[in-house]
Amino acid sequence: MKKNQENEIIEAIVLGIRDYFSKHGIKKAVLGISGGLDSAVSCFLAVKALGNENVIGVLMHDSITSEESREDSKKVVEELGIKHFEIPIDGTTTEFEKINEENKLKENLAALANVKARTRMTILYYIAQHNSAFVIGTSDKSEIALGYTTKFGDSASDILIIGDLWKTEAMKIGKELGVPESILTKKPSAELVKDQNAES
């Protein structure tokens, strides 16, 4: 992908975001900021399209979120100057672990991981409704093609703005947008399970 192609893609996505929001009479956007590539690229694009005063970032970390991800998510919201919330989600999985214990259910890490993804999306929609905003999804084409997503979790959104970009394209777009280098070079991971990354 050449530099002029990257700029053309950026402008096309920005135009699409503006058109979608305008047609629905919505000015504000809410999205989760994980400290990863996709959420950062999505946030930079949303700000470019709507202005930083109309974008709200939500940082939803838990006990297994790496310090690197915490720092990178803060870099994004601080660099873009957007309003943001930090909402820990540890309590939600604790309640589901109690369900396991009380009902003598076998521990299922995948089920608990999906609870986290769905909890995060519930929080995003809660904040969006308070602000008459749309929720922006942050999945890329590579994740969608592989099924690396949670139904009613990260697959749910009002608009998916990088869903037609492969991961490699998202990296090039991110570089052009000025996404911090620490985010561009890190291994992708949903951090739903300890030591998880998207390559394993």
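The side chains of lysine 167 and glutamate 143 meet in a salt bridge, 3.4 Å from N to O (a side-chain nitrogen of Lys or Arg within 4 Å of a carboxyl oxygen of Asp or Glu). Lysine 167 lies in helix α7 and glutamate 143 in helix α6, so the pair ties together parts that are 24 residues apart in sequence. This is a predicted model: local features need pLDDT of at least 70, side-chain atom pairs count only at pLDDT 80 or more, and totals for chains, interfaces and linings use all residues. Residues are numbered from 1 along each chain as its sequence is written, and side-chain values use heavy atoms, with hydrogens and water left out.

**Salt bridges**

- The count comes to eight salt bridges.
- Lysine 167 and glutamate 143 are both buried (buried means under 20% relative accessible area, exposed over 50%, partly exposed in between; 1.4 Å probe, protein chains only).
- Lysine 167 also forms a salt bridge with aspartate 140, the closest N and O atoms being 2.8 Å apart.
- That pair links distant parts of the chain: aspartate 140 sits in the loop between β4 (133–137) and α6 (141–146), lysine 167 in helix α7 (residues 167–177), 27 residues apart.
- Aspartate 140 and lysine 167 are both buried.
- A network of salt bridges links Asp38, Asp140, Glu143 and Lys167.
- Elsewhere, aspartate 62 and lysine 116 meet through their side chains in a salt bridge of 2.7 Å, N to O.
- Here too distant parts of the chain are linked: aspartate 62 is in the loop between β2 and α3, lysine 116 in helix α5 (residues 109–130), 54 residues apart.
- Both aspartate 62 and lysine 116 are buried.

- Helices (H or I, at least four residues) and strands (E, at least two) are DSSP runs, numbered from the N terminus.
- Five of the five residues of strand β2 (residues 55–59) are buried, so the strand is largely enclosed by the rest of the structure.
- Both faces of β2 are covered, with Val55, Gly57 and Leu59 buried on one side and Ile56 and Val58 on the other.
- Strand β1 (residues 28–32) pairs with β2 in the parallel sense over four bridges (two strands pair if DSSP finds at least two bridges between them).
- Alanine 29 has valine 55 in β2 as its bridge partner.
- β2 and strand β3 (residues 83–86) pair in the parallel sense over four bridges.
- Phenylalanine 85 in β3 stands opposite valine 58.
- β1, helix α2 (residues 37–50) and β2 make a right-handed β-α-β unit (with the strands pointing away from the viewer, the path from the first strand over the helix to the second runs clockwise).
- β2, helix α3 (residues 67–80) and β3 make a right-handed β-α-β unit.

**Helix α7**

- The buried residues of α7 are Lys167, Ala170, Ile173, Gly174 and Leu177.
- They cover an arc of only 115° around the axis, which puts them on the same side of α7 (the arc is that of the directions from the helix axis to the C-beta atoms).
- Thr168 and Lys175 are exposed on the other side of α7.

- Isoleucine 99 is placed in helix α4 (residues 90–102).
- Isoleucine 99 counts as partly exposed, at 37% relative accessibility.
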